[in-house]
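This report describes the fold and selected local features of a single protein chain. Please consult the sequence and the structure shown here alongside the text.

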Amino acid sequence: MSDVNGGEVGQKEVGQYFLEDLTVGMTSDYDRVVTEDMIEQFAEVSGDHNPLHLDEEYAKTTMFKGRIAHGMLGAAFISKVFGTQMPGKGSVYISQTLRFLAPVRIGDTVTTTVEVVDINPEKKRVAFRSRCRVGRTVVIDGDATILVPSRAASQAA
């Protein structure tokens, strides 16, 4: 199994794996601390101003006993890995399933891991398992299909 280390990646540092570079079992990880500012910005971008995410007093009255991050904010970390680490440049999301299993709170470090589980060379599609954890707790679990460019097609262009 290969492991591609995560971390902050600038636009000029976007990685790229061609279809031919990927093998079943390869993984890529990314760690990100969730901040209050991130949650507020996500609310503005998405338009989701649910007080569960933004109002501590209201959130204390819910089953979560405090504010939690938007589930799709955590899911965006999965997209970050696919778009900038593995497969990276030129890859296109085809589908994603998500199961939200536990809340993410301000200050939590979310570790996102994607793993190649199947490769269809004819259709240039790769199936991935996608998972986000906070510590040992899985907070988001899912599966994705990504269209991945081949080396030959990229060189021909």
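## Overall architecture

The model is predicted. Its chain comprises 5 helices and 6 strands, which follow one another along the sequence in the pattern β-β-α-α-α-α-β-β-β-β-α. Of the 157 residues, 39% count as buried. Among contacts with a sequence separation of 6 or more, 67% are made by residues 24 or more positions apart.

## Packing of α1 against α4

Helix α1 spans residues 36-46 and helix α4 spans residues 71-84; their axes lie 10 Å apart and form an angle of about 100 degrees. Angles of 65 to 115 degrees count as roughly perpendicular, and α1 and α4 are therefore placed in that class. On the α1 side the contact involves M38, I39 and F42, which meet M72, L73 and F77 of α4. Classified by residue type, this contact contains 6 nonpolar residues, with no polar and no charged ones.

## Salt bridges between strands

Side chains of opposite charge can pair when their charged atoms come close. The chain has 7 salt bridges in total. Which residues are linked in a network of salt bridges? The network consists of R99, R129, R131, D141 and D143.

| Salt bridge | Closest N and O atoms |
|---|---|
| D141 and R99 | 3.4 Å |
| R99 and D143 | 3.7 Å |
| D141 and R129 | 3.7 Å |

The bridge between D141 and R99 has its closest N and O atoms 3.4 Å apart. This pair links distant parts of the chain, since D141 belongs to strand β6 (residues 137-147) and R99 to strand β3 (residues 92-100), 42 residues apart. R99 also forms a salt bridge with D143.

Is D141 buried or exposed? Buried means under 20% relative accessible area, and D141 counts as buried because its value is 10%. R99 is partly exposed, with a relative accessible area of 37%. D143 counts as partly exposed, at 37% relative accessibility. R129 is likewise assigned to the partly exposed class, at 33%.

## The surroundings of I119

I119 is located in strand β4, which covers residues 109-120. With a relative accessibility of 22%, I119 counts as partly exposed. Apart from its neighbours within four places in sequence, I119 is in contact with L19, L22, T23, V24, R125 and V126. The C-alpha atoms of I119 and E20 are 9.6 Å apart in space, although the two residues are separated by 99 residues in sequence.

## Backbone geometry

Most residues other than glycine have a negative phi, and most peptide bonds are trans.

Which residues does a cis peptide bond join? The bond lies between M86 and P87, with omega at about 5 degrees. P87 is placed in the loop between α4 and β3.

K65 is not a glycine, yet it has a positive phi of about 60 degrees. It occupies the loop between α3 (56-60) and α4. K65 counts as exposed because its relative accessibility is 60%, the threshold for that class being over 50%.

K124 also has a positive phi, of about 55 degrees, without being a glycine. The residue is found in the loop between β4 and β5. With a relative accessible area of 31%, K124 is partly exposed.

Terms used:
Residues numbered from 1 in each chain as written. Predicted model: local features only at pLDDT ≥ 70, side-chain atom pairs only at ≥ 80, totals over all residues. Heavy atoms only, no water. Axes fitted to C-alpha atoms, helices over the stretch in contact; angles between N-to-C directions. Helix = DSSP H or I, 4+ residues; strand = E, 2+ residues; numbered from the N terminus. Parallel < 35°, antiparallel > 145°, perpendicular 65-115°, else oblique. Contact = heavy atoms within 4.5 Å. Nonpolar A, V, L, I, M, F, W, Y, C, P; charged D, E, K, R; others polar. Buried < 20%, exposed > 50% of the residue type's maximum accessible area, 1.4 Å probe, protein only. Salt bridge = Lys/Arg side-chain N within 4 Å of Asp/Glu carboxyl O.
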